[in-house]
Amino acid sequence: MLTDSRFALLLMLPAAAFLAAFVAWPLIQFVYNSFFRYNPIAGSPHTFVGLRNYLQALSSADFGNSALRTVAYTFIVVALEFVLGLTVALLFSGLGNRSRIFRTIFLYPLMIAPIVAGLLWRFLLIDNSGIVNQLLYEAHIISSPNQIQWLSDPNIALFSVALPDVWLTTSFITLVLFAGLQNVPGDIIEAARLDGARYPTLLARVILPQLRPVIAVALIVRGVDAARAFDVIVVQTNGGPQNSTNVLSLLVYNTQIANGNPGLASAMGTIYLIAMMVIAIVAVVTIWRPGSES
Amino acid sequence: MNGLETRRAGTRSILWICLTVLVILYAFPFVYMLFTSFKTPIETNAIPPQILPSTWTIQNYITVLSTQGVPQSFLNSLQTAALSTILSLVLAVPASYAVTRYRTRPGRIFILLALVMRMVPAIVVGAPLITMFHTIGLSDTSLALAIAQTTVSLPLSIWLMASFFEAVPDELDESARVDGCSRLGSLWRVVLPVARGGVAVTAIFAFLASWNDFIFALLLTSVRAVTTPLQIANFQSQFGLDWGNMTSLAVLYSVPVIILAIVLQRHIVAGLTLGAVKG
């Protein structure tokens with residue numbers, strides 16, 4: 001007769017074996033490749049180069065710039081989504097059950113493929129014939145329909161490519177925060193109201209602290225996804241103009257596939273992966289502080 | 001409802017107006033895509049662009065559906081998503097049950113590792129998988145693509161199922177055991193039927209992760225197993241900027257899942273918010 005703990009292990013075994021074979025093993029190979037130089041297209045032999053790929057990655061301006069862009073992109077996405085998502089969640093809460101139909105409409109972008117969103121926004125933002133500039137022009141906000149070169153001005157392209165990501169997933173933040181708001185105990189809010197707290201004070205002193213764990217989870221989940229963004233950027237600008245949207249996922253992809261240098265790509269990817277995990281763990285520990293909340 | 005709901009009618013109308021404006025802005029991109037898909041090529045590229053088509057045509061839809069490879073890509077997307085969903089559920093259900101019911105140390109380590117694996121960028125796993133699938137003769141197959149996509153959906157499925165099983169009281173399978181059910185039997189006949197809402201949510205998310213995937217399809221398919229997202233992207237490179245055709249294919253691909261979302265709204269919201277709100 002199997003003991004309970006053996007039985008539990010047996011149930012976990014298939015999933016564990018799958019993850020070991022198709023995530024851990026590729027990951028090990030990926031890290032292993034980072035110590036070699038070879039070209040899969042030319043079929044050249046593997047040459048052990050020690051840490052040279054890492055030195056090359058760390059000393060190249062491309063890698064450093066891409067890392068900074070990834071951080072900036074993640075920040076733009078998460079900040080915009082948080083402000084918008086919280087605003088809408090508060091509006092929903094203010095209206096209570098009457099907001100139901102709007103909540104349904106808000107759900108739909110979550111179902112759309114990132115690649116569709118990326119292409120669609122590229123079409124909306126296209127220079128001189130895009131509908132966004134046209135509407136801004138008709139509203140007299142800009143003086144000519146091609147005043148803002150959303151995707152071809154290197155100074156703002158990183159912001160523009162983030163828009164479809166924000167459009168797609170603000171709903172996630174909204175729904176999570178809305179659910180969190182429903183769980184804020186009514187008597188705490190009532191007590192603050194009786195003490196004469198106005199809405200901004202109520203928000204800053206009572207609601208946001210209560211929501212802290214929920215906000216942390218939502219921001220970490222979105223942050224990790226934004227730092228890995230590939231689809232929306234590749235179909236909008238493919239890293240351009242002048243590399244201004246060339247984030248790490250694109251740099252690793254292009255080094256691996258287009259430039260045929262998997263050794264260097266693996267070294268870059270390994271650093272990227274380690275950095276992401278360290279940041280995510282630090283974020284979980286400091287922002288979330290599991291256990292410290294009631 | 002708690003004290004956040006406003007009681008004053010005046011404030012409420014202001015909130016309504018703000019929300020209506022926001023929702024219109026939010027819905028606009030998709031609505032514009034829908035209109036564009038019914039425009040003629042000349043109108044699609046007109047300067048200045050108009051929101052509504054002056055003559056409605058379904059020519060774009062006819063063109064994309066008769067483009068070689070497009071109907072097949074829909075079948076491929078469906079087949080891959082079905083395979084990936086089944087694979088995710090078959091692997092996640094027993095594992096999550098074991099983690100939540102038996103609370104062993106390996107179980108806790110396992111579920112944490114699953115969370116860490118969710119952070120791995122697709123390109124990092126995808127590149128070595130190209131070689132792996134080539135070696136085992138699975139290059140350019142729906143099965144290989146489904147396996148790759150499951151590396152993303154399985155960790156999520158494990159976490160979702162674990163939180164749903166957490167909500168099923170322990171006493172339920174204890175009494176099943178007393179009544180003579182085996183351990184596997186009590187999972188299959190007692191716990192799983194109770195948690196079937198959770199299974200549905202997990203299935204939806206696994207399905208969506210596969211249906212909307214682009215990068216694994218880009219890395220792992222070339223001819224036979226190509227899915228629709230790749231075909232959509234092709235319309236903008238192969239034939240210049242063919243927005244009319246691109247948008248109609250994108251509409252065809254998105255509408256089924258949007259309908260799914262509206263029908264299963266309650267479940268999807270539950271799945272999205274469950275883990276996060278429980279903290």
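1. Confidence. The predictor's confidence in each residue is expressed as pLDDT, on a scale from 0 to 100. The model discussed here is a predicted one. Chain A has a mean pLDDT of 87, and 97% of its residues reach 70 or more. Within chain A, helix α3 (residues 61–95) has the highest confidence, at a mean of 93, while helix α4 (residues 100–107) has the lowest, at 81.

2. Architecture of chain B. Of its 279 residues, 46% count as buried. Among contacts in chain B between residues at least 6 apart in sequence, 74% join residues that are at least 24 apart.

3. The interface between the chains. Contact between the two chains involves 78 residues of chain B and 83 residues of chain A. The largest share, twelve residues, is provided by α1(B). By class, the side of chain B that touches chain A consists of 62 nonpolar, 13 polar and three charged residues.

4. Domains of chain B. The domain assignment divides chain B into domain 1 (9–60) and domain 2 (63–278). Taken over C-alpha atoms, the centres of these domains are separated by 32 Å. Nine residues from domain 1 of chain B and nine residues from domain 2 of chain B take part in the contact between them. On the domain 1 side, the elements giving two or more residues are α1, α2 (41–44) and α3 (59–65) of chain B. Of these, α1(B) gives the largest share, three residues. That side of domain 1 has three nonpolar, five polar and one charged residues.

5. The nonpolar core. Which residues touch the most other members of the largest nonpolar core? In this core of 156 residues, they are A:V116, A:L177, B:I232 and B:A250. The core draws at least three residues from each of domain 1 and domain 2 of chain B. Leaving aside residues up to four places away in sequence, B:I232 touches A:I115, A:V116 and A:L119 in chain A, together with B:M246, B:L249, B:A250 and B:Y253 in chain B.

6. Why does A:A280 count as partly exposed? It has 19 C-beta neighbours inside 10 Å, whereas a residue is buried if 20 or more other C-beta atoms lie within that distance, and exposed if there are 12 or fewer. A:A280 therefore counts as partly exposed. Not counting residues up to four places away in sequence, A:A280 touches A:I220, A:V224 and B:M119. The C-alpha atoms of A:A280 and A:Q149 are separated by 34 Å, and these residues are 131 residues apart along the chain.

Methods:
Residues are numbered from 1 along each chain as its sequence is written. Chains are lettered from A and ligands numbered from 1 in the order in which they are written. This is a predicted model: local features need pLDDT of at least 70, side-chain atom pairs count only at pLDDT 80 or more; totals for chains, interfaces and linings use all residues. Helices (H or I, at least four residues) and strands (E, at least two) are DSSP runs, numbered from the N terminus. Two residues are in contact if their C-beta atoms, placed from the backbone, lie within 7 Å. Ala, Val, Leu, Ile, Met, Phe, Trp, Tyr, Cys and Pro count as nonpolar, Asp, Glu, Lys and Arg as charged, and the others, Gly among them, as polar. Domain bounds come from an automatic or database domain assignment. A nonpolar core is a set of buried Ala, Val, Leu, Ile, Met, Phe, Trp, Tyr and Cys residues joined through C-beta atoms within 7 Å.
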